[in-house]
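Hi,

Here is the structure I promised to pass on.

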Amino acid sequence: MSKRKVVIVSAHPDDETLGAGGTLLKHKQKGDELYWIIATSIFETQGYSKERIAKRKEEIDIVAAKYGFLQVFNLGYPTMSLSASSVITMVPEISKIFLSIEPEIIYLINRSDAHSDHRYLFDSVVACTKSFRYPFIKQVLMYECISETEFAPALSERLFMPNYFIDITEQFNEKISILNIFESEIHEHPFPRSLRNVEALAIFRGATVGVKYAEAFQLIKFIEK
């Protein structure tokens, strides 16, 4: 089987690991080419210390190496600031990346997550998946992100409805190891981003499809030729 080109899109570093860490590790084991787009960064003007900013960069570098990303694209928008005007500038930036890589599979954050950064990023990415402009894209899947997906308003037209599951039983421990790199983002249960909660979700998704641990996605496009 030929190598596939895969892009994971994060609003913030750690989204990718929470939602699709095990899946990314499976792609790595299969020899697929992996790329990472991060939409936002943290800055001193937002009140972050130089030490915290340096620590975040170090975390990103370590995580990128763990997954074996061939390239990391950081769009550099201030965290917690994405808006409709951001979409106007993000679309051509993401389009340029897609056209240069020609990925077959796109993993992106859920359209209705509680965090507005996630929602505006989703709109920007989906604008860059039109088949007549990006014919190389064959699969587009939304992933769930603990502390954002489950806190979104429970409106029927906006719910995350998983219909695609990936067995990550063999990759789960390594996913947890990578997640621990984001030290400032992980806290004790019942905080949503706790290791216990991450495992609970993986167990629940796994039980849904008869495996020990799984990650769930909502498939929004699948093209087979």
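Predicted model: local features only at pLDDT ≥ 70, side-chain atom pairs only at ≥ 80, totals over all residues.

Which residues does Ser-147 touch, not counting residues up to four places away in sequence? They are Pro-192 and Arg-193, where contact means heavy atoms within 4.5 Å.

Local features need pLDDT of at least 70 and side-chain atom pairs count only at pLDDT 80 or more, while totals for chains, interfaces and linings use all residues, and side-chain values use heavy atoms, with hydrogens and water left out.

**The overall picture**

The protein has six helices and seven strands; these are DSSP runs numbered from the N terminus, with at least four residues (H or I) for a helix and at least two (E) for a strand. Read from the N terminus, the order is β-α-β-α-β-α-β-α-β-β-α-α-β. The radius of gyration is 17 Å, close to the 17 Å that the globule rule gives for 225 residues, so the protein is as compact as a globular protein of that length. (That radius is taken over C-alpha atoms, and the rule is 2.2 Å times the number of residues to the power 0.38.) Along the principal axes, the C-alpha trace spans about 50 × 45 × 40 Å.

Of the 225 residues, 50% count as buried. Buried means under 20% relative accessible area, exposed means over 50%, and partly exposed is in between (1.4 Å probe, protein chains only). Take the contacts between residues at least 6 apart in sequence: 80% of them join residues at least 24 apart. The accessible surface is about 10700 Å², and 54% of that belongs to carbon and sulfur atoms; the areas come from the Shrake-Rupley method with a 1.4 Å probe, and for residues only the protein chains shown count as cover.

**Charges and salt bridges**

There are 26 positive and 29 negative side chains, and the centres of the two sets lie 5 Å apart. Lys and Arg count as positive, Asp and Glu as negative, and His and the chain ends are not counted. Each charge is placed at NZ of Lys, CZ of Arg, CG of Asp or CD of Glu.

Side chains of opposite charge can pair when their charged atoms come close. I found ten salt bridges here, a salt bridge being a side-chain nitrogen of Lys or Arg within 4 Å of a carboxyl oxygen of Asp or Glu.

- Glu-59 pairs with Arg-52, with the closest N and O atoms 4.0 Å apart. Glu-59 is buried, at 2% relative accessibility.
- Glu-185 meets Arg-56 at 3.0 Å, N to O. This pair links distant parts of the chain, 129 residues apart: Glu-185 is in the loop between helix H5 (172-179) and helix H6 (195-209), and Arg-56 is in helix H2 (residues 50-67). Both Glu-185 and Arg-56 are buried.
- Asp-61 pairs with Lys-57, the closest N and O atoms being 3.1 Å apart. They are four residues apart in helix H2, so about one helical turn separates them. Asp-61 is partly exposed at 42% relative accessibility, whereas Lys-57 is exposed at 53%.

Salt bridges that share partners also join Asp-14, Arg-52, Arg-56, Glu-59, Glu-185 and Arg-193 into one network.

Most residues other than glycine have a negative phi, and most peptide bonds are trans. Asp-14 has a positive phi of about 110° although it is not a glycine. Asp-14 sits in the loop between strand S1 (5-10) and helix H1 (15-30) and is buried, at 4% relative accessibility.

Back to Ser-147: its phi is positive too, about 85°. Ser-147 is in the loop between strand S5 (139-143) and strand S6 (164-167), and is buried with a relative accessible area of 12%.

The peptide bond joining His-189 and Pro-190 is cis, with omega about 15°. Pro-190 lies in the loop between H5 and H6.

**One more serine**

Ser-131 is in the loop between helix H4 (116-126) and S5, partly exposed at 38% relative accessibility. Leaving aside neighbours within four places in sequence, Ser-131 is in contact with Lys-221 and Ile-223. The C-alpha atoms of Ser-131 and Thr-45 are separated by 40 Å, and the two residues are 86 apart along the chain.

Cheers

Definitions and conventions. Residues numbered from 1 in each chain as written.
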